Structure formats: structure tokens, C-alpha cells
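I set out to look up pockets, salt bridges and nonpolar cores in one structure. The entries below keep the order in which I took these topics.

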Amino acid sequence: MSSPVADAVDPSMQTLTSTEALAQLWSTLGQPADALSRVTLTGAAALPSSFAVNTLAQSVIAASALAAAQVDTLRTGRQQTVSVDMRHAALEFRSERYFRVDGQLPPEPWDKIAGIYRCGDGRWVRLHTNFPHHRDGVLKLLGCAYDRDAVAAALGHWKAEAFEEAAAQVGMVVAAARTFDEWDRHPQGVAVAGQPLMTIERIGDAPPEPLAAHADGRPLSGVRVLDVTRVIAGPVCGRTLAAHGADVLLVTAPHLPAIPSLVIDTGRGKRSAQLDLRDAADAAQLRTLLRDADIFVQGYRPGGVAALGFSPEQAAAARPGIVYVSLCAYGYEGPWANRRGFDSLVQTASGFNWAEAEAAGKDKPHPLPAQALDHGAGYLMAAGAMTALARRMTEGGSWHVRVSLAQTGHWLRGLGRVANGFDVADPRYEDVGAYLETTPSGFGTLTAMRHAGQLSDTPPHWALPAVPLGTHPARW
């Protein structure tokens, strides 16, 4: 008798190799093809999935490392080689699962009512309630107690898509589970399919800005990055830039919720300050920081940051030559372009969870083995930022890099399916020690995942420890 995986995934389906995926990415970035000869990709899959999650991890981390090497070539004339091990890259896609503070597990990141529920029409929805205002808004909409059984009972009176829409109308984050076929016919699925994986657009004029040699010698030494992101994707971008030497200043606000475990994992290599952009003086201070920045990374929903005075065009006017990096959930066109979302919700809405469930022989939506859209988007953002920085060095100009979780997911689908993907054992903490490092931090002794994107002459590392939010003043 055939297995559920064999029934769900056609073994004759063409799956791209990491080398082919990297070549696609590198072409999308508009980078010179001859640089690909300096990349070595090794290793085997680490994460169980019917999707090419391991290939995604290796290729996007390789693209970001090679983009750093390209900046270094322009800066110093060196031509560093790049190497990425697939197992290491895939494990880094779950870096938030594999760190310990003083030998102890980090705080549980998931709220107790977050997750998947069956609705009254027999369909499923996923709730994201990790931020208190999202939790409270969902409970108000349902009119029930803060309890999984109460939530399940209340959702029994709703149709899945009706609750998804009702939640979106009041700014909450909920996704109805769809199949790929349903998503491909949905107006937002159609819009995503019509967009490129990512875009790098010139948005203003400015003279070329070559980067002078720096005593530290790393590709991004002296490059200033304003990181105003939260959760995973945007912070992974900033963490990656810091690994290659950038001066990254994370700016949050006291009133904005955060997930403590993610702050620890993605805060490595960054200083951390707090500014409330609703306050005129704090907004003015961010503009002062912006004028001396090279890269600005933001993950507000489309239009959100413009209302605070920091749109791409506003940033380019304040700082000609800025590299502005944007992240959103569902893409920049279509009816959901302004909709809030997170990796787990985009997976659910766009068909991944049903396809993975079918391949695994499950009878309810089954997630990918990592927050793969978040991590994938984060490394794409970093690769795009460094590509735009290289263009600024040679051509000048201000640049806007745009990445979304949904477009990252659409590209992952295009990499093909893995017929025996669940034959890979799911790695435990005890299995990953070779990829961990132990350093001091502002939280205690931190044991966490090293960066997988290796450069031959300037190995990536984080010169600064992760620290609690707001540890540093808001200045360079």
C-alpha cells in the first residue's frame, strides 16, 4: 500500500537544487552571474517537509552571504569565496528554537489560545494571539473567555472565512485554511502570483557613495542600519547585516509588544534603543538618526510607516542615498495588500498547511517545520539591502527593496515538492550542538546558532551581545 506522502507528492515532479535556486535568486537581484562560481553548497536536508524548505534555507542564506562578498569586492578588491552547509542553514531557519540562556529553555513564545481551530462550517482557522491587543481583540469578537475550550466553542458558531474577514475588519490577525487551488483562485493569490519574488527600485537621485576601507575589514564595517522591525523576518535581516559588520541600531517603542524569546535570538549584533514615534521629539530624533544612516529596515504594514513620516519617499528626501527595505505579509498589490499577517497565518491562508497535511497523512492543517517564510524573507531582505548598497556605491541613487511573506511562499512552491521529505528526522536540541556557540549576553550566558553563510576571509560573527530592549541611547 502506498504511503500518504507518495500519494500526495508526485516523485517525478522536478525539484530545484540549491545551486539552481541560488542562480534564480542571484538573477532576480540583478547581480553578476560570474560571482556564482565563488559559492560552494554542501550538506544534506535537516528539516522534515514535503516542501523544499532545506533548499530555501541554503539558497537564501547563500544569496545574502554572496551579496556581502560583492560589497566587499567593490570595497577592497578581494573576491571572497562563500560556503553554506544545508543542514546548518536549515537549522538556522529554526534559530529561535535552539538557543538557551544559562542552560535554560527560553520563554514559550506562543500564547495559550493561539493555533488552529475548526469552525462551524467544518473548515479551519488559525489565530495569532501572541500580542496582547491581538488576543484581546479576538476574544472580544468571539465574546468568550480566555480559554482554548471556550474559543473552540465560540468558533463553532462561525464560518471560517467569515471570521477571517470579521477579524481583519477590526485589525486582528486570523487566517482561514485554504488549499493551493483555493488560494490560486483567491484575488490575493492571483495578485501574489503576478508579482516578482522581490523588487529593488531606484526611488531618488544621489551621487555614488563608495565605502572606504575600514580598520575592522569586514564587508559592512561602518555601514549604519536603522532596524525598526519586530518578530522574525525583519530582525533576521538586521541580524544578518550585523553578522557582516554593520552597525545596527534596533529602534522599538515602550508601548509596542514584543516576544521576549525572539528579542534574545534576533538581537545579536545590535544595539537597542526606544523611541515613541507618536511623540514629536522622538520622531525628530529618528529623523536625525536617519540622516546619518545607510540602510533603513521596516516591517510596518503598507502605509503604516508613511503615516509616521517615514515612507520610502520621505526617507529618500531626508537622506538621499538611503537604502530603504520594506517587508509586508501578503504582497504589495491586491485586496489584502494592507492586511496584517504573520508567517503562520500566510502559510495557512495560502495553502501550505493543507498541502503539508496531505503529504504527512494528517487530517487537519499541518505547519511547515519552521517559520520558513519569515526566515526566508529575512535573508532576502538582507541580500536585497546589500545589493542596493552595492548599486549605491557604483551608480548612486536612493533605493527601495520590497519583500513579502506571501511572495517568499510563492517562490518556495516553485522550488518543487520532496517525495520522501518526511524521512528526515526532526532535529532536537541535542542534535545541533556542532552549530551552536556560547557567548555572554544581556540576559545571561547565551548558547545559540552560529550563522551559516561563511565567507573565506571575514567569517561572520556578532561583535555585540543581545541585550534587553531599550538598553542603549537612540544615537549612533
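The entries that follow begin with the basis of the model and then turn to each topic.

**Basis.** I worked from a predicted model, in which local features need pLDDT of at least 70 and side-chain atom pairs count only at pLDDT 80 or more, while totals for chains, interfaces and linings use all residues. Residues are numbered from 1 along each chain as its sequence is written, and side-chain values use heavy atoms, with hydrogens and water left out.

**Largest pocket.** I looked up the largest pocket and found about 890 Å³ of space in it. A pocket is an open set of points on a 1 Å grid over the protein atoms alone, where a 1.4 Å probe fits, with protein on both sides within 12 Å along at least five of seven lines; lining residues have an atom within 4 Å of a point. The volume is the space filled by probe spheres set on the points, which are joined across faces, edges and corners. Of the 35 lining residues, Arg230, Gly299, Tyr300, Arg301 and Arg340 are the closest to the centre of the largest pocket. Helix H5 (132–142), strand S9 (247–252) and strand S12 (323–328) are the elements that give two or more residues to this lining; helices (H or I, at least four residues) and strands (E, at least two) are DSSP runs numbered from the N terminus. By class I noted 19 nonpolar, 9 polar and 7 charged residues in the lining of the largest pocket. Here Ala, Val, Leu, Ile, Met, Phe, Trp, Tyr, Cys and Pro count as nonpolar, Asp, Glu, Lys and Arg as charged, and the others, Gly among them, as polar.

**Second largest pocket.** This pocket holds about 500 Å³ of space. Its lining has 26 residues, with Glu96, Glu108, Pro109, Trp110 and Gln371 nearest the centre.

**Salt bridges.** I recorded 23 salt bridges in the whole structure, each a side-chain nitrogen of Lys or Arg within 4 Å of a carboxyl oxygen of Asp or Glu. Glu161 and Arg178 form one of them, at 3.9 Å from N to O. Glu161 belongs to helix H7 (residues 160–169) and Arg178 to the loop between strand S6 (174–176) and helix H8 (180–185), so this pair ties together parts 17 residues apart in sequence. Arg178 is buried at 1% relative accessibility, whereas Glu161 is partly exposed at 36%; buried means under 20% relative accessible area, exposed over 50%, and partly exposed in between (1.4 Å probe, protein chains only). Both residues also belong to a network of salt bridges that links Arg123, Glu161, Glu164, Arg178 and Glu182.

I next looked up Lys270 and Asp227, whose side chains meet in a salt bridge of 2.9 Å, N to O. Lys270 lies in strand S10 (residues 270–274) and Asp227 in strand S8 (residues 224–228), so the pair ties together parts 43 residues apart in sequence. Lys270 and Asp227 are buried.

**Nonpolar cores.** The largest nonpolar core has 102 residues, and Val60, Phe93, Leu241, Ile295 and Tyr330 have the most contacts inside it. Such a core is a set of buried Ala, Val, Leu, Ile, Met, Phe, Trp, Tyr and Cys residues joined through side-chain atoms within 4.5 Å. Helix H16 (residues 372–394) supplies the largest share of this core, 14 residues.
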